[in-house]
Amino acid sequence: MYLFVIAVMHPVLIYNWLVNGLWGLAGLNSWAFILVLAWITARTGNPLTKGEIFALRMIDSAGLMYTGYYFTYLLRNMYFANSEIARLFGLQEEIPAFFAPKGQDFIRVTLTRTFFDTAWLQPILATTLVPFALAVSANYILGLLAYSMYVREERLTFPFASWDAQIMIAFGERSSVRVRTITLAILFGALYGFMTNGLSTIFRFSVVPRLVVDFTSLIENILPGAAFAFITDFSNYVVGFILPLRYTALQLAASISIFVIGNYYVTVNNMWPEEANWQPGRGVFWNFNMSTVYFWNSFTLGWGLAAALLPLVFRYKTFVRAISNLARGLSGEEVEVKWLNAKYLLTAYLAIAVISAAFVEALAPGFPIYMLLLFTLGISLLVTLLQTHAAGILAPTSVPYMREALIYFSGYRALNIWFIPADAMLYTGGAGVAQQLLQARMIGVGMKEYTTMYFLLATLGLAGSFIFTSLFWNLFPVPGYAYPYTVTGWPVEAMNFWRMQEWLWTGYLFRTTWIISGFGLSALLYAVSELVLHDFSIPVAFMSGMLLPVYVAIAYFVGSLISNMISKLTGEKWWNENKGFVAIGFWLGDGIVSAFLMLMQLLSRSIWLLPY
C-alpha cells in the first residue's frame, strides 16, 4: 500500500510544485486515500484496522511531505547557482562545489538531464543523502525524548494529534456513531468549500467569500503602525473548536501586544529602517511582514530561548526522569526493544552530533566547532522541546531564524556555511516524532512497528523523489515552459535567496537588544507562571501568538468561544467527546474540495504544453 500511494500521490505533488509552485495538494493528504480505501475495503469484507490507518496516515508526516522534494530542490539549487541573478549579485564565484554543478558541469548536466553524472556526486552527498541520514536519526532520538518529557511526564493534551488518532480509531473500530458524526462534518466542510472556493473557481463568484477585512486604515490615525483585521474564512474559526480557551486568549493577547501596541511603539519612536519606513495606507499584510522581519523575529528568538530553557531548570527532575524512562517504550510498562534505553540512545545522539560537526567543518573549514556542537546538542534539543510543548497545548510552533542567528553570532563570515542544509546541523523534526509516538500509543502500535514505518517511509520518500524528479526532468528541461512555475517563480525565489545572503550580515534580523528584551520578559513571565500561576505553558502560548497575525489569533479565540457556547447547548460531555470529529471532519471536507479544484487546474494546465 505504501508503494501504491507513493506511486500515485508522489508524482502529483512534485508536478504541482513544478507547475503551480504549491507545496502539497491542499486537502489531498493521506486522509483522502484512507477514506477511499476504508470504503472499498469495508465492502470487500476486509476493512482497514486502526493500525493500518495509522500506517497510512504517517505518509504525510514521515514520508512524502518530509523527504519527497529533496531531489527537486537539487534542480532549484542548480538554477540558483547558474542564473543571471547570481551573477547580478556578484556572488557566483562564492558558490561551493557541493551546492550545485557550475560552469561546464552545469552545461553538460543540463543537456543530459540526469543525476547520474559525476558533477552531482558532491551536491547529492552534501545537500541530500548525508543531511537526510543525520536528520532522520537525530529527529527520531529527540522525538523519543520529547515524547517521554511532554507526553509521559507532563501529560499534555496535544489537541491536534490526539483528535487525529481518535478519528483513526473511529474508522478502524468502525464505530457507527462516531463515523456518522465525522461523515456529517465532512459533508458540511465539502459544502462550505464548494460555496466558497468551488463557486469562485468555476463561476467566478462566491456566496461566502473568504476575505481578510483590513481595518488598519481605520485605526492608524489613532495608533500609527498598528495592524488590525478580521478574516471571514470559517475554517480558521473551526481550529479554535479543539483548542483550550485560556491559551487562545493568551495567543490573542500576545498578537495584539506585538502587532498593535508594539507596532505603535516602533512607529512613534521612528524605529523603522529607511528602506522600509512605515507610511499610512500600507495595510495589515505589510505591517505584519515588515515588523516581523525587522523587530519581532529578534524579540521572539529571545523569548523562545527562555521558554525552552527555563523548564529544564525549574523542572530538572522531570527532565531527568524523562531521560531515565526512555526504556519504557510506548507501553510505559516494560522494555519493548532491547536497544531502547537512555545509554544507547544518548550515545547514538552524541555520535550523530560529532559526525554532523565533522561534516560541516569539512564543508566550511574554520567554522567554530563549539557552535556546531551547540547547534546539534543544545539548540536542537531546545527547539524540539519547545515545538513539542507548543503542540501539547495548541499547535506546533518554532523559533524563527534560529540557524541564521547562530551563524551570524558565530563571527564566521565565509559564504559557504549558508549553502549547507539546515538538516546537517539543526534538527527540528523531533516534535513530529513525539506526536506520532503519542498516536501510536493511543492506537496500540508497538515501538518496533512504529520504528519500521518511520525509517521505511522516510527512505521511500527520498527514493520516490529521485525517481519522479528524474522522470519529469527527462521529459522536459527544468526550468522550462512545460513547468511554468520554474520560469515564473524560480527567478523570484532566486532573487530572495541571493538578497538574503547579503541582507543577513546587516544585522537587521538579529537585533541584540530585542533578543535580550524578549529573553528577559519571557523569563519573568515564566517565573510568575511557574511559581504563582502554576502553569508553565503560559510563555509558550504567548510565543505562539507572537507568530500569528491578529486576524488569525482572533479567529482561534472566537472559535474557542463558539466551542464553549456549543458545549452549553449540546451538553459538555457530548461536545467534549465529539468536537474534534466535527473540526477535523470539516477540514477534511473543505480540503478535499480544494484539492479537487487544484487537480482540475493542474490537469487543465497539463493538456497543452505551450510556451508563453
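Phe367 touches quite a few residues beyond its sequence neighbours within four places: Glu361, Leu372, Phe375, Ile407, Ser410, Tyr412 and Ile417. Keep in mind that this is a predicted model. Phe367 also belongs to the largest nonpolar core, which has 209 residues, and it is listed there with Phe54, Trp120, Ile417, Ile420, Tyr450 and Trp498 as having the most contacts inside that core. Helix α7 (residues 121–153) supplies the largest share of this core, 17 residues.

Now for the rings. A search of the whole structure turns up 54 aromatic pairs. Two of them are set out here.

| Pair | Centre distance | Plane angle | Type |
|---|---|---|---|
| Trp31 and Phe171 | 6.0 Å | 50° | tilted |
| Tyr69 and Tyr73 | 6.0 Å | 20° | stacked |

Trp31 sits in helix α2 (residues 30–43) and Phe171 in helix α8 (residues 159–173), so to speak a bridge between distant parts of the chain, 140 residues apart. Both Trp31 and Phe171 are buried. In the other pair, Tyr69 counts as buried at 3% relative accessibility, while Tyr73 is partly exposed at 26%.

Twelve of the 13 residues in α4 are buried, among them Tyr70, Phe71, Tyr79 and Phe80.

Two arginines also meet rings. The charged end of Arg315 sits over the ring of Phe536, 3.9 Å from its centre, and Arg413 lies over the face of Tyr408, at 5.1 Å from the ring centre.

Key:
Residues are numbered from 1 along each chain as its sequence is written. This is a predicted model: local features need pLDDT of at least 70, side-chain atom pairs count only at pLDDT 80 or more; totals for chains, interfaces and linings use all residues. Side-chain values use heavy atoms; hydrogens and water are left out. A nonpolar core is a set of buried Ala, Val, Leu, Ile, Met, Phe, Trp, Tyr and Cys residues joined through side-chain atoms within 4.5 Å. Buried means under 20% relative accessible area, exposed over 50%, partly exposed in between (1.4 Å probe, protein chains only). Helices (H or I, at least four residues) and strands (E, at least two) are DSSP runs, numbered from the N terminus. Contact means heavy atoms within 4.5 Å. Rings of Phe, Tyr and Trp (its six-membered ring) pair if their centres lie within 6.5 Å; planes under 30 degrees apart count as stacked, over 60 as edge-to-face and the rest as tilted. A charge sits over a ring if NZ of Lys or CZ of Arg is within 6 Å of the ring centre and within 35 degrees of the ring normal.
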